[in-house]
Amino acid sequence: MKNKLFLQNLLLFLFPLLIPITILGTLSLMITQHYIQGEMNKATQNVFNQIDRNVESIFNEMNSLKMKFGSPEVLYRLEEILRTQKLTLENLRLMEAVQNDMNVPVYSVHLRICQ
């Protein structure tokens, strides 16, 4: 009898307390999930923008390199160096000039990516 009365009183007092706790818990979960989703979307958008800028700068550098090395004379001489595998003084100077021209954009892109 005492156990039954205790259980009835417990349910009588506990049930009205559980309703607001359940509602508040559900609302807090929904609000937290909405906030976290918004923050994730912002972070994703920032990363996407950074990747877009980096890819665009890489393509711009590739275009400038294409303009520098797009000359048939330079390409023919580089191909000749690779084919014969012999370095003359003139070929060595050409290789150093090409290497210097290629290193500048690579270093600048690397610095922009690392920032």
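Just after H2, which residue takes a positive phi, and of about how many degrees?

Tutor: That's glutamine 85, with a positive phi of about 55 degrees. Some ground rules before we look at H2 itself. This is a predicted model, where local features need pLDDT of at least 70 and side-chain atom pairs count only at pLDDT 80 or more, while totals for chains, interfaces and linings use all residues. Residues are numbered from 1 along each chain as its sequence is written, and side-chain values use heavy atoms, leaving out hydrogens and water.

Now the setting. The protein has three helices and zero strands, running α-α-α from the N terminus on. Helices here are DSSP runs (H or I, at least four residues), strands are E runs of at least two, and both are numbered from the N terminus.

H2 has 13 residues and reaches 18 Å from its first C-alpha to its last, close to the 18 Å expected at 1.5 Å a residue. That expected span is 1.5 Å times one less than the number of residues.

What's tucked away in H2? Its buried residues are Val74, Leu78 and Ile81. Seen down the axis of H2, they fall within an arc of 55 degrees, so they line one face of the helix. (The arc is taken from the directions from the helix axis to the C-beta atoms.) On the other side of H2 you'll find Pro72, Glu73 and Arg83, which are exposed. Buried means under 20% relative accessible area, exposed over 50%, and partly exposed in between, using a 1.4 Å probe and protein chains only.

Val74, Leu78 and Ile81, together with Leu94 and Val98, make up the largest nonpolar core, five residues in all. Helix H2 (72-84) and helix H3 (89-114) each supply at least two of its residues, and H2 gives the most, with three. A nonpolar core is a set of buried Ala, Val, Leu, Ile, Met, Phe, Trp, Tyr and Cys residues joined through side-chain atoms within 4.5 Å. In soluble globular proteins, nonpolar side chains tend to be buried together. Over the whole protein, though, 11% of the 115 residues count as buried.

Glutamate 39 is partly exposed, at 35% relative accessible area, whereas lysine 42 counts as exposed at 53%.
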